[in-house]
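User: I'm new to this and would like to learn how to read a structure, one feature after another. Could you walk me through it?

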Amino acid sequence: MAQRIIIAEDEAIIRRDLKEMLIAEGYDVVADLGRGDEALEAVRTMRPAAAVLDVKMPGMDGLSVAEAINAEQLCAVIILTAFSQRSLVEQAREAGVMAYLVKPFQAGDLVPAIELALARFDEKMLVEGELERIHDEHRKLEEKLETRVILDRAKARLMDEYQLSESDAFRFLQKTAMDTRGKVKDVAERVIDGNLKPGRS
Ligand SMILES: [Mg+2]
């Protein structure tokens, strides 16, 4: 299936050429716009695979659009630029731009730039997904550990103050949780706070 692409370039002739070249290369140009703000809106609603953005455009400049797209992780971004200034390159990298096209570009420059940007975006999404999964796992482990510490403290109190055996202390916590349809951890916290004693409830 053809990759869906949005282009934003305020010079109509360049925009038309770019669109024709992309179509000839087999891409699906779902929108071509002359304003940055409209390009951002189109990316948000149409969710293309990539956006090719001019730098200087009315409404919103291409780097600001790139920054917003990057912050919302919407799609790959290729910047169209007439200059190759170092400051712009750095700004673009910070805005999450994944490839450049320097004007005047040729049809042969397009595919490598777009494919590079698409590959980098996919890789970034994979890494973000993996990081999210690791954070989730870490959170769950921390929760388990915290519950374990609280259960141990509650058991210790039940054993010290009420002379329950360890297994009876645990059974008391478990049964109270079941009877009250609560969590064992919450029951344990009540025991630690002195708000729950065996023999009463
Ligand atoms: Mg322009």
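Analyst: Happy to, and keep in mind that this is a predicted model.

User: Where does lysine 103 lie in the chain?

Analyst: Look at the loop between strand E5 (99-102) and helix H5 (107-162); lysine 103 lies there.

User: Is lysine 103 buried or exposed?

Analyst: To decide, take the relative accessible area: under 20% is called buried. Lysine 103 has 15%, so it counts as buried.

User: Which residues is lysine 103 in contact with, leaving aside its neighbours within four places in sequence?

Analyst: Those are Glu9, Glu11, Ile14, Asp54, Leu80, Thr81 and Ala82. Asp54 turns up again at the metal, where it is one of the coordinating residues.

User: Which residues coordinate the magnesium ion?

Analyst: With a metal, you look for the atoms that coordinate it. Here Asp10 and Asp54 each use OD, while Lys56 uses O, at 2.0 to 2.2 Å. Along the sequence, the donor residues follow the spacing D-x43-D-x1-K. The two aspartates link distant parts of the chain, 44 residues apart: aspartate 10 is in the loop between strand E1 (4-8) and helix H1 (12-24), and aspartate 54 is in strand E3 (residues 50-54).

User: How do aspartate 10 and aspartate 54 count by accessibility?

Analyst: Aspartate 10 has 33% relative accessibility, so it counts as partly exposed. Aspartate 54 has 4%, so that one counts as buried.

User: Now for charges. What is the general idea of a pair?

Analyst: Side chains of opposite charge can pair when their charged atoms come close. This structure holds 20 salt bridges. Take arginine 44 and glutamate 41, whose side chains meet in a salt bridge at 3.3 Å, N to O.

User: Where do arginine 44 and glutamate 41 lie?

Analyst: Both are in helix H2 (residues 36-46), three residues apart, which is about one turn of the helix. Arginine 44 is partly exposed at 33% relative accessibility, and glutamate 41 is partly exposed at 41%.

User: What does the salt bridge between glutamate 146 and lysine 185 tie together?

Analyst: Their side chains meet at 3.4 Å, N to O. Glutamate 146 is in helix H5 and lysine 185 in helix H7 (residues 184-193), so the pair ties together parts that are 39 residues apart in sequence. Glutamate 146 is partly exposed with a relative accessible area of 41%, and lysine 185 also counts as partly exposed, at 23%.

User: Which residues are linked in a network of salt bridges?

Analyst: Arg148, Asp152, Lys155 and Glu166 are linked that way.

User: Let's zoom out. Which domains does the assignment give?

Analyst: A domain assignment divides the chain into stretches. For this protein chain it gives domain 1 (4-105) and domain 2 (133-193). Taken over C-alpha atoms, the centres of domain 1 and domain 2 are separated by 55 Å.

Terms used
Residues numbered from 1 in each chain as written. Predicted model: local features only at pLDDT ≥ 70, side-chain atom pairs only at ≥ 80, totals over all residues. Heavy atoms only, no water. Donors = N, O, S within 2.8 Å, 3.2 Å for Na, K, Ca; no water. Helix = DSSP H or I, 4+ residues; strand = E, 2+ residues; numbered from the N terminus. Buried < 20%, exposed > 50% of the residue type's maximum accessible area, 1.4 Å probe, protein only. Contact = heavy atoms within 4.5 Å. Domains from an automatic or database assignment. Salt bridge = Lys/Arg side-chain N within 4 Å of Asp/Glu carboxyl O.
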